[in-house]
Amino acid sequence: MDQFTINLLFVGASFALYIGIAIWARAGSTSEFYAANRGVHPVTNGMATAADWMSAASFISMAGLIAFTGYDNSTFLMGWTGGYVLLALLLAPYLRKFGKFTVSEFIGDRFYSQTARIVAVICLIVASVTYVIGQMTGVGVAFGRFLEVSNTTGLLIGAGVVFAYAVFGGMKGVTYTQVAQYCVLITAYTIPAIFISLQLTGTPVPALGLFGDTASGEPLLTKLDAIVTELGFNDYTAHHSNTLNMVLFTLSLMIGTAGLPHVIMRFFTVPKVSDARWSAGWALVFIALLYLTAPAVGAMARLNITDMMWPNGGIEGGAVSVEEIDNDPRYDWMATWKKTGLLDWEDKNGDGKIQYYNDKSEAMTAIAEEKGWVGNELTKFNRDILVLANPEIANLPGWVIGLVAAGGLAAALSTAAGLLLAISSAVSHDLVKGAINPSISEKGELLAARIAMAVAIVVATYLGLNPPGFAAQTVALAFGLAAASIFPALMMGIFSTRINNTGAVCGMLAGLVVTLVYIFLHKGWLFIPGTNSFTDADPLLGPIKSTSFGAIGAMINFAVAYTVAGMTKETPQEIKDLVESVRIPRGAGAAQDH
């Protein structure tokens with residue numbers, strides 16, 4: 001059986017499972033559509049939350065970014081996992097006790113303002129749409145390779161599948177679909193990692209293999225450091241980036257995680273307040289299985305790729321020949337991925353070999369001139385392909401490649417569904433019912449939610465065709481927007497009785513607008529290529545990149561909110577009493593349901 005057929009079987013079977021679950025769990029009421037009737041078990045919810053959050057950025061892109069940068073990109077691991085600790089301790093139980101369907105509804109009620117609710121909806125939509133662009137990018141990459149279709153066709157197929165199970169199933173359908181998707185994605189991620197760890201270190205646990213020895217007896221990371229520095233790249237295990245930017249980026253990811261509306265919504269689906277905290281704990285357990293494996297996947301893949309490009313023991317042994325790439329079955333993956341446009345090479349000096357090295361390194365310039373090299377000849381290696389190509393690079397069985405295809409799509413589609421549900425809930429529940437037509441029937445509200453989701457899918461698919469960066473980089477921008485706009489409002493709403501409606505609205509708008517402008521200045525207005533004034537290589541504010549600015553935006557949000565609140569009318573006593581009651585642990589089993 002050829003590889004294309006195997007891919008079709010794995011992907012087709014997983015899609016049939018998702019759609020079948022959606023039909024079985026079809027939402028028949030707004031409670032089921034928004035919050036799965038508040039009947040999801042904490043373990044089930046933890047698994048669904050893990051799938052909702054471990055998106056294409058985690059599955060497809062993160063290990064690739066770590067592989068080609070090393071220690072400096074460990075910020076993705078620290079920021080995203082640290083954010084879940086914040087979410088479990090500071091937000092999840094209190095928001096569940098408040099008993100609303102959406103984040104915007106909580107903000108509207110806590111700050112006793114329809115304006116605050118609408119501003120929260122705007123913040124939510126901006127962050128969620130930016131996030132979903134990254135998911136659609138991952139869908140296009142995965143489909144383009146494994147189903148051998150164009151990026152555009154892949155996006156359209158993925159959008160159709162999401163439409164089928166998210167629009168009809170709502171939160172109930174999405175929850176149980178995400179449980180299935182978690183099982184698929186974690187199996188698809190860990191099995192290749194186990195194979196590769198055994199090949200390189202003889203250790204079946206990738207996280208231990210990362211610190212183990214290779215067959216030559218040399219520690220894996222020591223060997224990797226030696227190889228990449230020989231080729232003019234930075235030490236893999238050393239810190240090279242700006243420390244201030246690194247701290248701000250980690251903080252931005254942490255508080256962005258705690259402010260993501262599609263993740264917070266998951267904690268509205270459990271029966272009790274205590275279950276919300278347990279859900280967050282279980283989500284961390286399920287997330288840890290992938291996040292402890294990702295650094296090993298990145299390092300081992302980088303070592304494998306470098307060894308394949310220099311198969312005779314480094315520079316002195318000579319680079320791989322064009323003839324080997326064309327005729328040796330071990331290099332078939334390169335020709336396959338070249339068809340997608342995400343991998344390319346060129347014999348620039350006509351010597352019949354493909355030299356892969358850092359041609360920006362001053363140390364390599366003299367070596368290159370001496371040997372007659374005219375530049376790095378592995379001219380393109382999209383970071384987003386690394387995890388998907390990993391089984392082929394390591395020459396693993398065809399069924400493993402098919403499993404990874406299904407896993408990559410599960411990761412992207414599960415998060416896309418959660419984001420689209422958050423967008424549709426904000427539009428139908430907070431805008432249509434909350435502001436435009438409060439007397440709308442439940443049936444009418446459900447219809448509005450489904451129409452909003454359909455429109456959001458179309459917009460996300462269109463934007464996914466021209467993303468502003470790799471999947472994980474685009475997602476980092478969304479985390480920054482959530483960090484700057486939503487997280488401070490939630491924190492102040494729960495822990496401060498001083499912040500009034502005017503302060504909250506001004507803070508959210510200030511954080512959102514300043515962060516969005518900073519991002520657009522670096523990534524292009526509305527992410528249109530060529531309209532940017534700065535780049536992340538040369539940022540506007542010293543070392544602070546656009547992906548790190550969310551933490552600055554959050555500080556601006558807090559500062560503006562407290563300043564304005566201090567200059568305007570005090571928070572009403574009944575709202576102060578409400579805030580105090582939400583924070584009281586007693587009665588934690590009796591959350592309100594609205």
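## A first look at the voids and confidence of this model

The lining of the largest cavity splits into nine nonpolar residues, one polar and no charged (nonpolar is Ala, Val, Leu, Ile, Met, Phe, Trp, Tyr, Cys and Pro; charged is Asp, Glu, Lys and Arg; the rest, Gly included, are polar). This is a predicted model, in which local features need pLDDT of at least 70 and side-chain atom pairs need 80 or more, while totals for chains, interfaces and linings use all residues. Residues are numbered from 1 along each chain as its sequence is written, and side-chain values use heavy atoms, leaving out hydrogens and water.

Back to that cavity. The residues around it are F59, A188, Y189, P192, A193, I196, V297, V387, N390 and V404. Two helices, α8 (151-201) and α18 (386-393), each supply at least two of the lining residues (helices are DSSP runs of H or I, at least four residues, and strands are E runs of at least two, numbered from the N terminus). The biggest giver is α8, with five residues.

A search of the whole structure turns up two cavities of 30 Å³ or more. On a 1 Å grid over the protein atoms alone, a cavity is a set of points where a 1.4 Å probe fits but cannot get out; a pocket is an open set with protein on both sides within 12 Å along at least five of seven lines, and lining residues have an atom within 4 Å of a point. Volume is the space filled by probe spheres on points joined across faces, edges and corners.

| Space | Volume | Lining by class |
|---|---|---|
| Largest pocket | about 1000 Å³ | 14 nonpolar, 15 polar, ten charged residues |
| Largest cavity | about 60 Å³ | nine nonpolar, one polar, no charged residues |
| Second largest cavity | about 30 Å³ | five nonpolar, one polar, one charged residues |

For the second largest cavity, look for F98, F106, R110, G493, I494, V579 and V582. Helices α6 (103-110), α21 and α24 (573-583) each bring at least two residues to its lining.

Now the largest pocket. It is lined by 39 residues, with F68, T69, N73, R383 and K545 lying nearest its centre. Two or more lining residues come from each of α4 (56-69), α5 (75-98), α11 (243-258), β4 (380-381) and α21 (471-495).

With a relative accessible area of 4%, I325 is buried (under 20%; exposed is over 50%, partly exposed in between, with a 1.4 Å probe and protein chains only). Leaving aside residues up to four places away in sequence, I325 touches V320, Y331, M334, W345 and I354, where a contact means heavy atoms within 4.5 Å. Take I354: the pair sits 29 residues apart in sequence and 9.2 Å apart in space, C-alpha to C-alpha.

How far can you trust all this? The chain averages a pLDDT of 83, and 92% of the residues score at least 70 (pLDDT is the predictor's confidence in each residue, from 0 to 100).
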